[in-house]
Amino acid sequence: MRPATAADLDDVARIEHEQFSNPWTREYYAAELHNARSHFFVITCAAPDGLGDPAEMVVGYLLFWRLGDELELHKIAVAAAWQRLGHATRLMEAFVSAGRCWECERAVLEVRASNQAAIRLYEKFGFQAVGRRRDYYHHPGEDAQIFALRF
Ligand SMILES: CC(C)(COP(=O)(O)OP(=O)(O)OC[C@H]1O[C@@H](n2cnc3c(N)ncnc32)[C@H](O)[C@@H]1OP(=O)(O)O)[C@@H](O)C(=O)NCCC(=O)NCCS
């Protein structure tokens, strides 16, 4: 796991389009590289023979903002072929460690109410449901569940 760079943006955009029905654009992620409040990490693995740079392949990413003593988790995603291998767990461990290290009070996030994989991941790290936003998402329309974690 390491901070994202401009060289990672194609891989991030590819995973974003694979994993989300309303993907954020490559330009959005490019701007986040220069956003002082943003913390943007990728997780990489050795690529199998014949697939990209043999030394490194981006398989997932995490983007969050630090706003005073609060962290906002904006995105976490792992490419389909690399899911259920603990990559999101490593990203979340780093997220929680950062919050504790910076002595933040809490972390918050929104997630599609039907996204059981993400909800289970967040609950595993101690996040608790604290509210709901009606029709928050589009493509398709859906409520957001709000989760929070006290560090
Ligand atoms: C959610 C996501 C990031 C999990 O990534 P992952 O690398 O597969 O997760 P891990 O292997 O670290 O799994 C950690 C825990 O998450 C939960 N989990 C992950 N995938 C799950 C699934 N398909 N169904 C149910 N629980 C799941 C489990 O609790 C799991 O712990 P366990 O293996 O002990 O049961 C991945 O499914 C993903 O990229 N989804 C699409 C993007 C997304 O919805 N992101 C969240 C909103 S920004």
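Which element gives the most to the shell around the ligand? I looked that up first: helix H4 does, with six residues.

**Ground rules.** This is a predicted model, so I noted that local features need pLDDT of at least 70 and side-chain atom pairs count only at pLDDT 80 or more, while totals for chains, interfaces and linings use all residues. Numbering starts from 1 along each chain as its sequence is written. Helices (H or I, at least four residues) and strands (E, at least two) are DSSP runs, numbered from the N terminus.

**Ligand shell.** I found 20 residues around the ligand, and the closest are Gln 83, Ala 88, Thr 89, Ala 117 and Leu 121. A residue is near the molecule if its C-beta atom, placed from the backbone, lies within 6 Å of it. Two or more shell residues come from each of strand S4 (70–78), helix H3 (87–101) and helix H4 (116–124). I sorted the shell by class and got nine nonpolar, seven polar and four charged residues. Here Ala, Val, Leu, Ile, Met, Phe, Trp, Tyr, Cys and Pro count as nonpolar, Asp, Glu, Lys and Arg as charged, and the others, Gly among them, as polar.

**Whole chain.** I counted four helices and seven strands in the protein chain. From the N terminus on, they run β-α-α-β-β-β-α-β-α-β-β. The radius of gyration is 15 Å, close to the 15 Å that the globule rule gives for 151 residues, so the chain is as compact as a globular protein of that length. That radius is taken over C-alpha atoms, and the rule is 2.2 Å times the number of residues to the power 0.38. I also noted that 25% of the 151 residues count as buried. Buried means 20 or more other C-beta atoms within 10 Å of a residue's own, exposed means 12 or fewer, and partly exposed is in between, with C-beta atoms placed from the backbone.

**Core.** The largest nonpolar core has 29 residues, and Val 12, Phe 41 and Leu 73 are among those with the most contacts inside it. Such a core is a set of buried Ala, Val, Leu, Ile, Met, Phe, Trp, Tyr and Cys residues joined through C-beta atoms within 7 Å. Strand S3 (57–67) gives this core its largest share, six residues.

**Strand pairing.** Two strands pair if DSSP finds at least two bridges between them. I saw S2 and S3 pair antiparallel over eight bridges, with Cys 45 opposite Met 57 in S3. S3 and S4 also run antiparallel, joined by eight bridges, and Tyr 61 stands opposite Ala 77 in S4. Two residues lie between the strands in the S3 and S4 hairpin, where Gly 68 takes a positive phi near 60°. S4 and S5 run parallel, with three bridges.

**A stop at Ala 107.** Is Ala 107 buried or exposed? It is buried, because 24 other C-beta atoms lie within 10 Å. Ala 107 sits in strand S5 and is the bridge partner of Leu 71. Leaving out residues up to four places away in sequence, I found Ala 107 touching Leu 71, Leu 73, Gly 99, Ala 148 and Leu 149. Contact means C-beta atoms, placed from the backbone, within 7 Å.

How values were computed. Contact = placed C-beta atoms within 7 Å.
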